[in-house]
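Me: I'd like to go through the ring contacts in this one. Can you take my questions as they come?

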Amino acid sequence: MDPLSEVLALLKPQSLMSGGYLVNGDVSIRFSKHPGIKCYAMIAGHCWVSVDGVEEPVLLTAGECYLLPRGLPFCITTDLSLTPVDFQDVRAQGKFIQAPPPQDGNGCYLAGGHFALEGGPARMVLESLPPIVHIQSESDKAAMRWSLERMADELRDPQPGGSLIAQQLAFMMLIQALRLHLSDPANGAGWLFALSDPHMAAAITAMHDAPGRPWTLQQLAGRVGMSRSVFAERFKATVGATPMEYLTRWRMLRAGDRLRNSGDSLAEIAGSLGYDSESAFGKAFRRVMQSSPRQFRRGEPSEVLPASAVARHNQIPTRPHGLHEASAHA
């Protein structure tokens, strides 16, 4: 499994909402702060998306996609001169409804999903991304086209199992959008963006493939065909951490997943990740995860709300049936 897939697997994304939304007429809709990550695309028409703390609004046209990874309040508007109205009021007025895409392609229509992230790397991943990610180049739109067209087809002509297919297509859109954003080094820096650098990606893949191996800086540099000093400098500049810091972080994220989702003993987990003793493992775990392994296993509150808590907060089911009634998750 490649590093991005491994990270996404540890995040354990769960669909809170998926479907399509029709914007009726000119309106400016205000959405409150949200947990998790939202990914939506314009199927037809155009609108503006403005996020709190981001100076300039983003214009979305058909085929373009946006991600909201930090959960900040935001507005969707067809006219920047309009005063924003709370989502609940707009929904009551019938100006923002869950509906099939327009047959003639006219109007303003959004489709996508909202995902809760349960795994340990969630905060690290979300904070490495900007408040809004805009997928807009022609090549990127071409890469997204298949999933967008399939989503529109499922919403336009519902068939048995259609809601599950729509959820999976929304998840595919999320992965594609992340991959496209990360493929351009100009978009940012950090360990997630390092996956687009062939040398850094090779080193990260080696650490992911064998996290328990007693890696040295020289071994990792040799794996990617670079001198130790050049590799160390480039890795730190690209990832934002030294290779050994990254390795420790990855080991602890893997450990956290096993503590929560397996019956493996502390000794088994520590040994498989290259630690000779539980005490050495525990010290590293506390430093990275801000709790002891036993506290973490008992499920003490983490920095990121689990999907079940998010669902309770928003009064929606964690396992949705069918395409839901529109709520504050667009």
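Me: Which ring does the charged end of Arg-213 sit over?
Reply: The ring of Trp-215, with the charged end 4.2 Å from the ring centre. A charge sits over a ring if NZ of Lys or CZ of Arg is within 6 Å of the ring centre and within 35 degrees of the ring normal.

Me: And what about Arg-260?
Reply: Its charged end sits over the ring of Phe-296, 3.9 Å from the centre.

Me: What are these values based on?
Reply: This is a predicted model, where local features need pLDDT of at least 70 and side-chain atom pairs count only at pLDDT 80 or more, while totals for chains, interfaces and linings use all residues. Residues are numbered from 1 along each chain as its sequence is written, and side-chain values use heavy atoms, with hydrogens and water left out.

Me: Switching to ring pairs: how many aromatic pairs are there?
Reply: The whole structure has 13 aromatic pairs. Rings of Phe, Tyr and Trp (its six-membered ring) pair if their centres lie within 6.5 Å; planes under 30 degrees apart count as stacked, over 60 as edge-to-face and the rest as tilted.

Me: Why is the pair of Tyr-21 and Phe-96 stacked?
Reply: Because their planes are at 5 degrees, with the centres 5.3 Å apart.

Me: Is Tyr-21 buried or exposed?
Reply: Buried, at a relative accessible area of 0%; buried means under 20% relative accessible area, exposed over 50%, partly exposed in between (1.4 Å probe, protein chains only). Phe-96 is also buried, at 0%.

Me: Which residues do ring pairs link into a cluster?
Reply: Tyr-21, Phe-31, Tyr-40, Tyr-66, Phe-74, Phe-87 and Phe-96.
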